[in-house]
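This briefing is written to be read beside the sequence and the coordinates.

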Amino acid sequence: MRNFWKLMFFGLLSVILIATAVIAYLLLRPVEGEQANASQEAPPESRAEFEVITNREDLTIVANRFIEEELGGSIDYSVLFDDRVKLNGEIPIFSTSIDFQMSFEANALENGNLLLTQESLSLGAIDLPVSSVLKFIDDSYEFPEWVVMEPQNQQIVVQVTEIDVAQGLNVKTNQFDLEDDEISFSIYVPK
């Protein structure tokens, strides 16, 4: 009888050890299937990218909100996107300010930036050379690094690719056709 209990004890101990080993193996084994593939990093030569398609009305709202937050009210102007880009604002002259409106033709550049070419200028009842007014505006206000004024060419380059959207994300202009209301940007993780 004594050997019977001894045999039963070692049999039970063997079952417990084997069950513990099987459970440990199952717990420590790698997960198979889609989850294992999802955790692998993308190759360094690829990038994640998605396209944002918008219209003139929504772009006007976003642009003015961005101007308000980025410049903190240091510049009194707003942007309107209709068939052209229209910049409305005030220029301080002596102890007063004069309203102005500038109209630009907008084109997406191959490098993802946006080129604004001056078309018209309304400054009260005075007709001034566009390049002089652009120079005055450039001298009067401090614009972000990504806004490059080129008064001699009557152009403003909005370096969209330099705008800090979020840490590690870049943006570029794909299409900017205001007349047909076809506007798209890409937000991407650079290579």
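**Sheet, pocket and a buried phenylalanine**

Four bridges join strand 6 to strand 7 (residues 155–158), and these two strands run antiparallel. Helices (H or I, at least four residues) and strands (E, at least two) are DSSP runs, numbered from the N terminus, while residues are numbered from 1 along each chain as its sequence is written. The model is predicted, and local features need pLDDT of at least 70, side-chain atom pairs count only at pLDDT 80 or more, and totals for chains, interfaces and linings use all residues, with side-chain values based on heavy atoms and with hydrogens and water left out.

**Overall content**
- The protein has four helices and nine strands, which follow the pattern α-α-β-α-β-β-β-β-α-β-β-β-β along the sequence.
- Of its 191 residues, 29% count as buried, where buried means under 20% relative accessible area, exposed over 50% and partly exposed in between (1.4 Å probe, protein chains only).

- Six strands form an open sheet in the order 2-3-4-5-7-6 with antiparallel pairing, and two strands pair if DSSP finds at least two bridges between them.
- Strand 2 (77–81) and strand 6 (147–150) stand at the edges with a single partner strand each, so one side of each is left without a neighbour in the sheet.
- Helix 4 (residues 130–140) lies across strands 3, 4, 5, 6 and 7, running at about 105 degrees to strand 5 (114–123); axes are lines fitted to C-alpha atoms, for helices over the stretch in contact, and angles run from 0 to 180 degrees between N-to-C directions.

**Largest pocket**
- The largest pocket is lined by 35 residues, of which Leu59, Ala63, Phe66, Val158 and Ile163 lie nearest its centre; a pocket is an open set of points on a 1 Å grid where a 1.4 Å probe fits, with protein on both sides within 12 Å along at least five of seven lines, and lining residues have an atom within 4 Å of a point.
- Helix 3 (residues 56–71) gives the largest share of this lining, eight residues.

**Phe100**
- Phe100 lies in strand 4 and, at 6% relative accessibility, counts as buried.
- Leaving aside residues up to four places away in sequence, Phe100 touches several residues, including Leu87, Ile91, Leu123 and Ile137, where contact means heavy atoms within 4.5 Å.
- Phe100 and Gly124 are 24 residues apart in sequence and 6.8 Å apart in space, C-alpha to C-alpha.
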